[in-house]
Amino acid sequence: MECQDGNQQIAYPLFYGVEPSDIRHQTGPVGRAIAKHKDNEQIKKWEKALEDAGNLVGWDLKNIANGHEAEAIKKIVEEISLKLGSIHLGNDEHLIGMEQRMQALEASLGIGLKDKARMIGIKGMGGIGKTTLARAIFDQISSHFEGSSFVADIREVSKKKGLESLQQQILSDVLKDERIVGSVNDGKRIMRTRLPYKKVLLVLDDVDDTKQLEALAGDWFKDGSRIIITTRDEKVLLSHRVNEKWIHDVDFLSDEEAIRLFSWFAFRRYIPDQGYEELAARVVHYADGLPLTIRVLGSHLCGENKDVWRDHKEIFLDVACFLNGISHEFAIRILESCGFHATYGLRILEHKSLVTISDGRLGMHDTIQELGKNIIRREHPHPHELNKHSRLWNEEEIVELLSDDEGTATSTCTGMLLLLLLCELSPEIIIQKLGNLKKLRYLCVLGNDSDCFPSDWKFDEMKPSFPNSLQYLI
């Protein structure tokens, strides 16, 4: 009781072979036991503790599961696990904004119902928080099931290791069966034979093909089982006959939730540090409620001053828009020509898992790359004004900008990926309009000169027409 009063812990009494009223009032066998210790100086403290314990909501063993001790203990463990899950959810910095999203799924989950196995879909764009939501639900309710498995990143893992490896993971997690699955059909046969005898909780994360669901979530689950599927594509769920009423969209974070999440990852508290309020508001604006963007940018800022953070952010955006997949050394030359401390900056980005450097080449996960491009689209209050974009890589948008005299004259574009192969403009217009981009520091031209320029065109002679700001031309 002292732990509950002084340490903000929670006590749950279990009344075993004793009446709660006897504990509260020290009557019956409890009273007789207390009477034997009346001379003890501690007796008043004991009496107060017993009275307080008797007034708490707890469990009277004889009234649970008809007094069957093993079943009663199982139910108590389940309830405590749920309560611990709720506490964990409330204190986990990764789960800001998730509690109400979990509540929205409660009816679909139908925990405790003994109905047929049920499949629940969680859909939304990359980075919206589908996996985080599914993991939070899994952690909170897995104690209700006889076996459970969280199969992560199915889209990528199935390409690299095959669906057999994922079937093997499920069998190992749920049944502790370590046998080697020789083929997808072999895995389906084993699952159909073994899984109908256990109520399971299964999460299939980042599914993008119905073949994955056919291999991992067939008609072989015991009643009461729950299969949670996360995907970017609702058609995958519908094709597998997931009931539409059990398919849920993940909402974007509110501005308040976004500020709290960003502040936690950047400053390890729920409000921005003094002097960073404007930066935090700007990040929240162009993150547009996308949790992954907020977490990445917050983590990136953590431990850095604003100037260094901005420098690294520019490097990150250049990689996302232009440099993904190119030689590491080549990328360093490009970035250093533009005034960045590229070697250090790329090392920091690699340390924070925003880029990879493998076999001498820069890499970036497609979700992270799309995140970077979304930042570009959202960094100005009017995302449809192309002259306000700091980087352009889409052919239609580049043609639109270069066709607009006023747009090029006021453009803040610092980098451009020009596709000659599909170019719709004359060479004279391209050179003239590029010369108007006064902040352009990086230009990557893809294709052959002959794709857009006449064979006798002196491309090198036109370089003086480019803006003085241009530092690197590929």
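**Group meeting: a walk through the model**

Okay, so of the 474 residues in this chain, 47% count as buried, where buried means under 20% relative accessible area, exposed means over 50%, and partly exposed is in between, with a 1.4 Å probe and protein chains only. Before I go on: this is a predicted model, where local features need pLDDT of at least 70 and side-chain atom pairs count only at pLDDT 80 or more, while totals for chains, interfaces and linings use all residues. Residues are numbered from 1 along each chain as its sequence is written, and side-chain values use heavy atoms, with hydrogens and water left out.

The overall picture, then. We have 22 helices and 13 strands in the chain; these are DSSP runs numbered from the N terminus, H or I with at least four residues for helices, E with at least two for strands. Take contacts, meaning heavy atoms within 4.5 Å. Among those in the chain with a separation of 6 or more, 69% come from residues 24 or more positions apart. The accessible surface is about 24,500 Å², and carbon and sulfur atoms own 49% of that; the areas are Shrake-Rupley with a 1.4 Å probe, and for residues only the protein chains shown count as cover.

Next, a helix pair. The axes of α15 (residues 291-301) and α16 (residues 306-323) come within 9 Å and cross at roughly 135°. Those axes are lines fitted to C-alpha atoms over the stretch in contact, with angles from 0 to 180 degrees between N-to-C directions. That makes α15 oblique to α16, since under 35 degrees is roughly parallel, over 145 roughly antiparallel, 65 to 115 roughly perpendicular and the rest oblique. On the α15 side, the contact is made by Leu297, His300 and Leu301, and on the α16 side by Trp309, His312 and Lys313.

Last, two aspartates. Most residues other than glycine have a negative phi. Aspartate 153, though, has a positive phi, near 55°. You'll find aspartate 153 in the loop between β4 (147-151) and α8 (154-161), partly exposed at 30% relative accessible area. Aspartate 206 has a positive phi as well, near 60°. Where is aspartate 206 placed? In strand β5, residues 200-207, and at 11% relative accessibility aspartate 206 counts as buried.
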